[in-house]
Amino acid sequence: MLFRQIEYLQAVIETGSFYQAAEKCNVSQSAISQQIIKLENELGVKLLHRHNRTFSLTPAGEHFYRKSLVITNDIEQMKRETKKIADKEHSILRIGYYKGYHGNELSEAAAEFSSKYPSVEISIMVGSHEELYKAMENDKVDLVLNDQRRAFSDAYNNEILSQSHMYIEISSRNPLSKLNQIEVSELKNTPCILVITSAGQQEERAYYEDIVGIKGDYLFADSIQEARLKIITGQGYMPVDVIGKQAWFDTAIDRIPLVRNGEPVKKTYCAFWRKDNSGYYIEDFAKMLRAGF
């Protein structure tokens, strides 16, 4: 049994046509048909019922096709692993992102990058602003998606991606949820919930107190799910960054724009990477990320 015969069978089934399968595999239609017949003869079973210009799978053909997809996936994985072993440097792109970022742009860029460079592994780190900054300083990540809290440094590539608007998520049962927008000062008697690890709590609280201007009590959660359970049970509200126009559907939680002196509270999101650690993979990923935003 040749792997090419399996490829031909998969092409016929997936295109629904011997003619289209031949075009996809860049061979003649007769070659496709002959190889599938040879495969059936070797197995001693019929895989396809032929009906003039159409065909249907036999039960054995359905089973063989499903199993062949598993084999194909295993072979592709084996090829990727083999390439990595052959590459002595074992190419890895190390990405870090801010824990307060909840958009789809990063995952879309990662999917596009993995499709273009299947032999390059992507490792992901999530952390607070300062944790990511220190990781980049200590060469533990190659590129970071983060909000801007410092003046741009000449030692870094500073790629501005987008500006976010800050909202709060608050229980729909809270009277404040009836407002079209909410002033920072109007939240002073309601606890602010931040999703952050214990190591970054002090730093994150200082940012929201000193820069954003949120005063009052603070609560902390390890995950978005935990934070939203606190919101639903009336324990407080959570500030979130919204980039672009994101649909929001939740009957228990409302999102309200946050303003300071009547002006929207904004953040600038950027991709950062060190100039002395710049390379083709990093720059191409940054390009994909920028396109996503």
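Predicted model: local features only at pLDDT ≥ 70, side-chain atom pairs only at ≥ 80, totals over all residues.
Is Ser119 buried, partly exposed or exposed? Ser119 is partly exposed, because its relative accessible area is 28%, and the partly exposed class lies between the 20% limit for buried and the 50% limit for exposed. Keep those two limits in mind.

Where does Ser119 sit? It is in the loop between helix H5 (105-116) and strand E4 (121-127). Now look for Gly100. Ser119 and Gly100 are 19 residues apart in sequence. In space, their C-alpha atoms are 30 Å apart.

Compare that with Leu93. Leu93 belongs to strand E3, residues 92-98. Asp142 is 49 residues away along the chain. Yet the two C-alpha atoms are separated by 6.6 Å. Leu93 counts as buried, because its relative accessibility is 1%, and buried means under 20%. What does Leu93 touch, once neighbours within four places in sequence are set aside? Its contacts include Phe113, Val120 and Ile122, and also Asp142, Tyr281, Ile282 and Phe285.

Next, Lys79. Find helix H4, residues 59-86, and Lys79 is in it. Lys79 has a relative accessible area of 41%, so it is partly exposed. Its C-alpha lies 38 Å from that of Gln225. Along the sequence, Lys79 and Gln225 are 146 residues apart.

Now to the cores. In soluble globular proteins, nonpolar side chains tend to be buried together. Here, the largest nonpolar core has 48 residues. Which residues have the most contacts inside it? They are Leu143, Tyr208, Ile214, Leu258 and Phe285. Phe285 is also one of the contacts of Leu93.

Take Ile214 from that group. Beyond four places in sequence, Ile214 touches Val184, Cys192, Tyr208, Glu209, Tyr237 and Leu258. There is also a second, separate core, and it has 17 residues. Among its members are Ile32, Leu47, Phe55 and Phe64.

The largest cavity holds about 140 Å³ of space. It is lined by 15 residues. Closest to its centre are Tyr98, Gly100, Val195, Tyr208 and Pro239. Two of those names have come up before.

E10 gives the largest share, with 4 residues. By class, the cavity lining has 9 nonpolar, 2 polar and 4 charged residues.

Now the largest pocket. Its volume is about 210 Å³. It too has a lining of 15 residues, and the closest to its centre are Tyr133, Arg150, Ala151, Asn158 and Phe272. Helix H6 (129-137), strand E5 (143-147) and strand E6 (156-171) each give two or more residues to this lining. H6 gives the largest share, 4 residues. The pocket lining divides into 8 nonpolar, 5 polar and 2 charged residues.

What about disulfides? The structure holds 0 of them. Cys270 counts as buried, because its relative accessibility is 0%. Cys25 is at 23%, so it counts as partly exposed.

Last topic: backbone angles. Most residues other than glycine have a negative phi. Two asparagines here have a positive one. Asn26 has a phi of about 60°. It lies in the loop between helix H2 (18-25) and helix H3 (29-43). The other is Asn261, with a phi near 55°. Its loop runs between strand E11 (253-260) and strand E12 (263-264).

Are these two asparagines buried or exposed? Asn26 has a relative accessibility of 69%, so it counts as exposed. Asn261 is exposed as well, because its relative accessible area is 69%, and exposed means over 50%.

Find Leu93, buried in strand E3. Find E10, which gives 4 residues to the cavity lining. Then find H6, which gives 4 residues to the pocket lining.

Methods. Residues numbered from 1 in each chain as written. Heavy atoms only, no water. 1 Å grid on protein atoms, 1.4 Å probe; cavity = no way out; pocket = protein on both sides within 12 Å on 5 of 7 lines; lining within 4 Å. Points joined across faces, edges and corners; volume = space filled by probe spheres on them. Nonpolar A, V, L, I, M, F, W, Y, C, P; charged D, E, K, R; others polar. Core = buried A, V, L, I, M, F, W, Y, C linked by side-chain atoms within 4.5 Å. Buried < 20%, exposed > 50% of the residue type's maximum accessible area, 1.4 Å probe, protein only. Contact = heavy atoms within 4.5 Å. Disulfide = S-S within 2.5 Å.
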